[in-house]
Amino acid sequence: MQIIQNFINGEYVAPVAGNYLDNYNPATGSFSGKIPDSDADDIEAAVHAATAAFPAWSSMPLEQRHDILRAISEGILQNLDALALAESEDSGKTVTTARTVDIPRSALNFKFFATALLHFASESHQAPGSLSYTLRQPLGVVGCISPWNLPLYLFSWKIAPALAAGNCVVGKPSEVTPLTAYLLGEICNAAGLPPGVLNIVHGLGPSTGEAIVRHPKIKAVSFTGSTRAGAEIARIAAPMFKKLSLELGGKNPNLIFADCDYEKMLDTTVRSSFNNQGQICLCGSRIYVEKSIYPRFKKDFLERVQNLKVGNPSDPNNNLGAVVSKMHFEKVLGCIELAKSEGGQILAGGSPIQMPAPFDNGWYIAPTVIEGLSSECRTNQEEIFGPVVTLQAFDSDEEALEMANSTPYGLSATVWTNNLQRAHSFATNLQAGIVWVNTWMLRDLRTPFGGVKNSGVGREGGWEAMRFFTEAKNVTFG
Ligand code: NAD
């Protein structure tokens, strides 16, 4: 059994009140260890350490700050195997996914923002008789709260720019997947990160997470997670005038036109539907297909889906592992029951998969494809965040756009077409923060990342993140 601890002021420490939560391995459904159930006293200790570390960290020469963040990046890669295994054991994702996506991207986040801090610059405005320039100063102590689906990947996506901009951080990974954030502490120490610059506190959202949001010395909160929790955080933080970046839920449309590059579309659509068990905020869960190719697509897609292998996340032959928790397993199965009650026909999957021992108590769900539902039903309006997609046919561009924009969410959208005019028109008119044309999940870390409508406010990535984690101060000389 592993007992993990908080990482405060460069040391692993037990939670002040001595309370712990149970952690589970989704692949086996078995108890795997204990994690701190931290409260406001632990956050106080973390804020105290971060406040003390801030003057030296924010005034450190840029090259030295760069070197430390680069060393963290390299430390992550040196521990690739151990981190990938930990990520898989904690989340149920395949080791292959953790090894090829999660952990390399976590290292890249630190590398990318280490470089960004060397190039980050601010504006100056000249006029006859005046010179104004903008200072971009770090905020002080900031809070970073992340979800379970891409644990170290999304945790580092926040922490790296926050540190690069000269802030000190109190971070909280998801209580469902704490392990890689716990291991990050040692890597930061080995990289020479001064004590207190990064503090990692474990625990539940409404207690540990809220204590971060409520703390008066935490100047900004960068949050990725559900729309429900994002609304709660905004409610608490707004009257305190904190800067907020909220990356929330999605219900992303995948629009497939008859003129697309069919094989590329088919391969990618299988991935965009079921990668990481459909637990990526960018997965396309509503698949809209032009009527003329609907029968062909349905046949080919189902054939591919039925060939996907689900099981032991350590087996490189498996495409899908387990979903992240018992609670999420039950939620996703509940959504499938709802779809049936709304008149949906299950074309593939639709049920849990019983695995042989030692995986017989794990949380496995067959990749599920549903047809016959309207755009307005709850199944097509609410986020499921599991291996479940719906298929619908459309007749015209207008109908496709209306269906795509019909939910309260607006994170990402994918369009498959070789018609340039149509691609540009959809890119302009889709209500989404990110539009992919003839691809999916192709990420350039310099681009703005975020959603519209109930998918959040603010943008991450590149200069957007560096701007979020700094305050602009105008200085004018006469
Ligand atoms: P969640 O909202 O339950 O939890 C996310 C994090 O917030 C966790 O660390 C949790 O402990 C904490 N938290 C929960 N309630 C809180 C509160 N009241 N105050 C402070 N912190 C709180 O989300 P989850 O189930 O971990 O993750 C799945 C959700 O995340 C999905 O909705 C998914 O779409 C979303 N997501 C969005 C993006 C994006 O970039 N937009 C990326 C990944 C996941």
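Buried means under 20% relative accessible area, exposed means over 50%, and partly exposed is in between (1.4 Å probe, protein chains only). The structure is a predicted model, in which local features need pLDDT of at least 70 and side-chain atom pairs count only at pLDDT 80 or more, while totals for chains, interfaces and linings use all residues. Residues are numbered from 1 along each chain as its sequence is written, and side-chain values use heavy atoms, with hydrogens and water left out.

**Figure 1. Ile212 in helix 7.**
Ile212 belongs to helix 7 (residues 205-214). Helices (H or I, at least four residues) and strands (E, at least two) are DSSP runs, numbered from the N terminus. The relative accessible area of Ile212 is 0%, so Ile212 is buried. Contact means heavy atoms within 4.5 Å. Leaving aside neighbours within four places in sequence, Ile212 is in contact with Ile43, Gly143, Ile145, Val170, Lys172, Ile218 and Lys242. Asp67 stands 145 residues from Ile212 in sequence and 29 Å from Ile212 in space, C-alpha to C-alpha.

**Figure 2. The two domains.**
The protein is divided into domain 1 (2-248 + 455-477) and domain 2 (253-444). These bounds come from an automatic or database domain assignment. Taken over C-alpha atoms, the centres of domain 1 and domain 2 are separated by 30 Å. Between the domains, 26 residues of domain 1 are in contact with 30 residues of domain 2.

**Figure 3. The nonpolar cores.**
A nonpolar core is a set of buried Ala, Val, Leu, Ile, Met, Phe, Trp, Tyr and Cys residues joined through side-chain atoms within 4.5 Å. The largest such core has 87 residues, and those with the most contacts inside it are Ile72, Ile76, Phe110, Phe113, Val170, Leu184 and Leu282. Helix 5 (residues 151-164) supplies the largest share of this core, ten residues. Both domain 1 and domain 2 give residues to this core, so it lies between them. Another core, of 28 residues, lies apart from the largest one; among its residues are Tyr262, Phe274, Val289 and Leu302.

An N or O atom in the side chain of Lys172 is 2.8 Å from an oxygen atom of the ligand. For Ser226, the distance from a side-chain N or O atom to an oxygen atom of the ligand is 2.6 Å. Gly205 takes part through its backbone, with an N or O atom 3.3 Å from an oxygen atom of the ligand. On its own the ligand has 840 Å² of accessible area, of which the protein covers 93%. Accessible areas come from the Shrake-Rupley method with a 1.4 Å probe; for residues, only the protein chains shown count as cover.

**Figure 4. Asn252 in strand 13.**
Asn252 is found in strand 13 (residues 252-256). At a relative accessible area of 2%, Asn252 is buried. A polar atom of the Asn252 side chain lies 2.7 Å from the backbone oxygen of Cys281. Leaving out residues up to four places away in sequence, Asn252 touches Cys281, Leu282, Cys283, Gly284, Ser285, Arg286, Leu411 and Ser412.

Most residues other than glycine have a negative phi, and most peptide bonds are trans. Gln277, in the loop between helix 9 (262-274) and strand 14 (284-290), is not a glycine but has a positive phi of about 60°. Its relative accessibility is 2%, so Gln277 counts as buried. Gln279 lies in the loop between helix 9 and strand 14 and is buried, with a relative accessible area of 2%. Among the residues in contact with Gln279, leaving aside neighbours within four places in sequence, are Trp148, His328 and Phe385. Phe385 is not a glycine either and has a positive phi of about 65°; its place is in the loop between helix 12 (378-381) and strand 17 (388-394). A cis peptide bond, with omega about 5°, joins Ala357 and Pro358. Pro358 is in the loop between strand 15 (345-348) and strand 16 (368-371).

Notes: A polar contact is a pair of N or O atoms within 3.5 Å; within protein, one must be able to donate a hydrogen and the other to accept it, and residues adjacent in sequence count only if both atoms are side-chain atoms.
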